[in-house]
Amino acid sequence: MLYPRESASRERKDLDGLWKFRADFSENRLRGFEQQWYRSPLRESGPTLDMPVPSSFNDVGQDRQLRGFVGWVWYEREATLPQRWTQDPNTRVVLRIGSAHYYAIVWVNGVHVAEHEGGHLPFEADISKLVQSGPLSFCRITIAVNNTLGPHTLPPGTILYRTDTSMYPNRYFVQNTNFDFYNYAGLHRPVILYTTPTTYIDDINVTTSMDQNTGLVHYQISIQGSEHFQLEVYLHDEEGNIVARGTGSRGQLQVPNAHLWWPYLMHEHPAYLYSLEVRLTVQTAAGSMSDFYTLPVGIRTVAVTKNQFLINGKPFYFHGVNKHEDSDIRGRGFDWPLLMKDFNLLLWLGANAFRTSHYPYAEEVMELCDQYGIVVIDESPGVGIKLNQSYNNQSLQHHLEVMEELVRRDKNHPAVVMWSVANEPTSFLEPAGYYFKTLIAHTKALDPSRPVTFVTNSQYDTDLGAPYVDVICVNSYLSWYHDYGHLEVIQLQLATQFENWYRTYQKPIIQSEYGADAVTGLHHDPPLMFSEEYQKSVLEQYHLVLDQKRKEYVIGELIWNFADFMTDQTPQRVIGNKKGIFTRQRQPKGAAFLLRERYWKLANETGYLPPEKPPYLVKSPLTW
Ligand code: GCB
């Protein structure tokens, strides 16, 4: 699925801003459907709130009930359309929702146009007929969103009905989940309208390889709307020069002396991006019609050996973070200032990679990773898969579809070097073997160019999914969730962990999570749990072992977590998870400085890098 870019043939209208909003507090949560709230403006069926989009609805207001609301919420907004969108029969008008968590139903002018399951991937509806059928130059968009998670959703959840009326009110229920982040909900990413001609470039698939110094760009373009068309493709370098050209819907472009796409800190000119300009021409009875789309292309290769991860044939060591899409007030809502702050912090830190724990991130994030050279392990929302029933056919089928949507969306990003199909499933349960075998094979079939993994916290000798992954990604919280306070056991336990996994599988290993909570500003020396000193000490102990094993087969370390983030309320969480090396407001804890020293040292040691840190030597991202 192509990211909606403007071009000479495509326009885009952003619908960000305040939408009308109502949560359906009726007992069965179905009043909105019973009364058909989509039929007429929302204000006519009852009171509404103003709700910002994109944003989670949870933390914007002062209402505790709305914060924890489970069920259907209704969004509505009217959009005025340019006349040519509604009058020109050769224009196709598309409504695109970047992410609606979790299940969404969409109406335009009261007519059902789309339904989508899954909170982290975009979906769209062709609404041309609806907006071109009458004299109206505006349309009313209604989106009902349900955040309920069940045994077969991704992530899974359970609704617990509390029936003891001596303890709970009538029909009382709570949403339970098996993951450690708040189930924020709403319209989390931009909602837009865009146009294409009625015959249009529907999708482009690009893979790249190298033959000596010549870059090879293999492309495949799919067209909708007509079978008779001409296609021209032009590959531009960063200066705008055309370096290769082709025709037809598939082919191979050759780029002599190609500039490769290198990760941040691996090359003095990281993240080199070419632009693939695609021009479609169709002859119609009314004359000729054109569509134009330009896709950024990074030429790079990825390969895995039994103890290395190779990018462009050179060993790559992941030194980075795990993130969340999470911040004050907006919850999981997309926000440009926050995004830039996060990227500036990654550059400052010397991080060359992150994992999209535990769900796909916004497309704008992936674009920035391409532009800055931040390598991505792209994870599906397969988190919290714990119960036996979450391995059944219905769950598997949905998981396969989610991987299809994810690969379709992110396949062209050079920054994405590996897919992660899940995080910490109960992969020792009997049905997990077939489940992960099928899921990983399917993902590889969708994209043979990238390795596939899932992140495990099971034991090396009982994990039934590990045989199918290309890279072992293992999480451990030594001296945190057990052996509390005993920093002295970390080195031995970590070395044992690595040796067991490597001996069993002979595959490269990433320490995909490790860390400790630290309440910012809380100090104690000698270090005690929850102090900044303890967090640093845990990291230091891990680093001693990582420094030995990275000479053998450990190919990366990703701290848990980049920043503090919101979770459900539990006795273990003090307004969220505090394992961030930055606070939720993105201010550094002591551990951030420790990691900064380490990451720059690692980059220096591997010899790729100018010896100074930003902002002095690295080009300001704003000029890239
Ligand atoms: C994990 C999970 C992550 C949690 C983290 C923690 O293993 O993958 O989602 O937040 O541990 O802090 O407990």
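Trainee: Hi! Where is Tyr102 in this one?

Mentor: Hi! This is a predicted model, and in it Tyr102 belongs to the loop between β6 (100–101) and β7 (103–108).

Trainee: And what is the peptide bond from His101 to Tyr102, cis or trans?

Mentor: That bond is cis, with omega near 10°. Most peptide bonds are trans.

Trainee: What kind of peptide bond joins Ser357 and His358?

Mentor: A cis one, with omega about -10°. His358 lies in the loop between β26 (353–355) and α6 (363–372).

Trainee: What about Ile329, buried or exposed?

Mentor: Exposed, at 55% relative accessibility. Ile329 also has a positive phi, about 65°, and sits in the loop between β25 (318–322) and α5 (336–349).

Trainee: Okay, now sheets. In what order do the strands of the open sheet with β23 come?

Mentor: The order is β22-β23-β24, 3 strands with antiparallel pairing. β22 (302–304) and β24 (314–315) are at the edges, each with a single partner strand, so one side of each has no neighbour in the sheet.

Trainee: How many bridges join β22 to β23?

Mentor: There are 3, and β23 covers residues 309–311.

Trainee: Which residue in β23 is opposite Val302?

Mentor: Ile311 stands opposite Val302.

How values were computed: Residues are numbered from 1 along each chain as its sequence is written. This is a predicted model: local features need pLDDT of at least 70, side-chain atom pairs count only at pLDDT 80 or more; totals for chains, interfaces and linings use all residues. Side-chain values use heavy atoms; hydrogens and water are left out. Two strands pair if DSSP finds at least two bridges between them. Helices (H or I, at least four residues) and strands (E, at least two) are DSSP runs, numbered from the N terminus. Buried means under 20% relative accessible area, exposed over 50%, partly exposed in between (1.4 Å probe, protein chains only).
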